[in-house]
Amino acid sequence: MDAAPAVLEARNLRVGFRIPGGTMRAVDGVSFALRQGETLGLVGESGSGKTMTSLALLRLLESPPAELAAEAILFEGRDLLRLSEGAMADLRGARLSMIFQEPMTSLNPLMAIGRQIDEPLVTHLGLSARAARARTLDLLARVGIARPEQAVRAYPHQLSGGMRQRVMIAIALACRPAVLIADEPTTALDVTVQAQILALLRTLQEEMGTAILLITHDLAVIAETAHRVAVMYAGRIVETGPVAALFARPLHPYTEGLLRSIPRISRVREATLPEIPGVVPAPGQLPAGCAFAARCGFADDACHATRPVLTPSGEGREVACWKPRHG
Amino acid sequence: MVEPLLRVEGLRTHFPVLSKLLRRRVGTVRAVDGVDLAVAPGEVLGIVGESGSGKTTVGKSILRLIEPTAGRVVFEGTDITHLARREMLGLRRRMQIVFQDPMSSLNPRMTIGRILAAPFEIHDVAKGADLREKVADLLRLVGLPAEAAQRFPHEFSGGQRQRVGIARALALRPRLIIGDEPVSALDVSIQAQILNLLKRLQGELGLTYILISHNLGVVSHICDQVAVMYLGRVVESGPREAIFFDPKHPYTEALLAAVPLPEPGRRAAHAPLAGDVPSPAHPPSGCAFHPRCPRAMARCSVEAPVATALPGGHVVACHLVGGA
């Protein structure tokens, strides 16, 4: 896995929004590399900038009001920032694909789902209508939809939430993308259906070698699905590394706090859950030092004065903290 | 066993399905279809289930925010199922509800102070300086600053708004609080704050809770008793330990197996439960779980299982357990 080359690389990605009296930074210098065939989890709470990051990568942010800047966003060796709108549209849904939380808003309610899957096959791959339909039936079977011949005639509202997400996955993977960006793909689903969809993504990834950028607020989903993880806080990555090591020995106090605050099913019940005091600072009101310092039990004057940057700490891990845990 | 604070017997809440054209009744959604529950004073009962299980309808039917179709709700020894509106209003001082999204249950044009004063005014229990003091007490109780009284809901974060929702529910010192997914919309770090608050208040004020949630981690953390619902019925109930560590119903087992764990490499080896939750408008015959059940037998599609009591207050509705 370590040797696999990066298929998608963000270098110093920034997203700001013009507001009266200045710029609100939603994403503030995010860098990461997604390697061929791996799943990289991007985890964070609301306001962390994880969804803004995904929309920026796909160039789906409307500008203005959004301002997107980066040293580079490299996809298969090309800088996405330098592509024309048309070239970008050719990539999206073909080599670079995405699925979102609520498939109902991404599917066309007036079009039978068969045609919605045929479409990218015809436009991106240039297949004939007949060849596209054959591929569509195959795709539906592969995403676990029983009786594809009937399913192609169904409209989105006739399907359950889990089935709609399967259809979205079929559309997203129709052109065998190099990268799939999945933004909270199972958040709207029941837990038994979530387990089905996560298992499906793992299987399809093994078959197709697609790299997945998995964006979620749920650390448990990351633990079960991702190879590596990047933890975001207030628009920045504060810690990154292989999933097993990061969950076993979190370095950043925020990561540690998040992991400890999850209520777990265990025989012994703790009287109180470890909580992270306070709230995430508003994007317009970031302090000069570490953005987490005000909520951190280990912060000292240095933490409040100077912002730590991501620094390698061995085993492919990096942390942005003056006082890392387990250090 | 102590006399329960609340007892629910054979609760059914059905909704008519009306035709589009003439609004004629063409079917029935059996959202809640024969539910028995009991909560002892000072205990926390968790009701878990996926969408369509009827868990929210149970909560609202207990408070008669939705009128039940059949069955009895007995609170503090009184059958409240047929109480008149006026009597019900008095009773609502004793049983309160906290919703998932405080933003949609707090009036955006009212200050927090006025929102928290409203219960005292409606029930005519305080005014003037006394009222202001009671509002200040409530804010203190839920860990909000006194200045909060002058501010509006939109000025607060989700966690702080849920504190306001809890404060309002506590205003008239109820005995029972029903929480309908009270922490589901919150980030995990804030969720822990609110769960700790609920637990502290329970101890300080001697409260009894019914916690409705799809999150099994949350339920296992805070609940003493658990009822697992599937398509309008309780399929298994009992003490927390029995449900989480000795489940007998295949649905409970599957639900527990599907919960993702924040521990890499711990993923359960068995295949996830297939299929979707069926529509409560067209529930399967026999045991409603049989089309998805990995251990279904011939009789499961024909005959609905009855609840079987196991030792220790553990109750299971499954032919595998029912025997005979």
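Okay, let's start with a pair of helices in chain B: H6(B) and H7(B) cross in a right-handed way. Keep in mind that this is a predicted model.

So how do those two helices sit together? Helix H6 of chain B covers residues 158–170, and it packs against H7(B) at an angle of about 20°, with the axes 10 Å apart. Angles under 35 degrees count as roughly parallel, and therefore H6(B) and H7(B) are roughly parallel to each other.

Who's touching whom? On the H6(B) side you'll find B:Gly158, B:Gly159, B:Gln162, B:Arg163, B:Ile166 and B:Leu170, and they meet B:Ile190, B:Gln193, B:Ile194, B:Leu197 and B:Leu201 in H7(B). Sort that contact by class and you get 6 nonpolar, 4 polar and 1 charged residues.

Now, on to the contact between the chains. Chain B puts in 35 residues and chain A puts in 37. On the chain B side, helices H7 (188–205), H8 (216–222), H9 (240–245) and H10 (250–258) each supply at least two residues. Which one gives the most? That's our friend H7(B), with 7 residues. The chain B side as a whole splits into 18 nonpolar, 11 polar and 6 charged residues.

In soluble globular proteins, nonpolar side chains tend to be buried together. Here, the largest nonpolar core has 186 residues, and A:Ala170, A:Val179, A:Leu213 and B:Val228 have the most contacts inside it. Helix H7 of chain A, residues 161–173, gives the most to this core, with 8 residues.

Take a look at A:Leu213 on the screen. Leaving out residues up to four places away in sequence, A:Leu213 touches A:Leu8, A:Leu34, A:Leu40, A:Leu42, A:Ser54, A:Val179, A:Ile181 and A:Ala182.

Key. Residues are numbered from 1 along each chain as its sequence is written. Chains are lettered from A and ligands numbered from 1 in the order in which they are written. This is a predicted model: local features need pLDDT of at least 70, side-chain atom pairs count only at pLDDT 80 or more; totals for chains, interfaces and linings use all residues. Two residues are in contact if their C-beta atoms, placed from the backbone, lie within 7 Å. Helices (H or I, at least four residues) and strands (E, at least two) are DSSP runs, numbered from the N terminus. Ala, Val, Leu, Ile, Met, Phe, Trp, Tyr, Cys and Pro count as nonpolar, Asp, Glu, Lys and Arg as charged, and the others, Gly among them, as polar. A nonpolar core is a set of buried Ala, Val, Leu, Ile, Met, Phe, Trp, Tyr and Cys residues joined through C-beta atoms within 7 Å. A residue is buried if 20 or more other C-beta atoms lie within 10 Å of its own, exposed if 12 or fewer, and partly exposed in between; C-beta atoms are placed from the backbone. Axes are lines fitted to C-alpha atoms, for helices over the stretch in contact, and angles run from 0 to 180 degrees between N-to-C directions. Angles under 35 degrees count as roughly parallel, over 145 as roughly antiparallel, 65 to 115 as roughly perpendicular and the rest as oblique. A crossing is left-handed if the near helix is turned anticlockwise from the far one by less than a right angle, and right-handed if clockwise.
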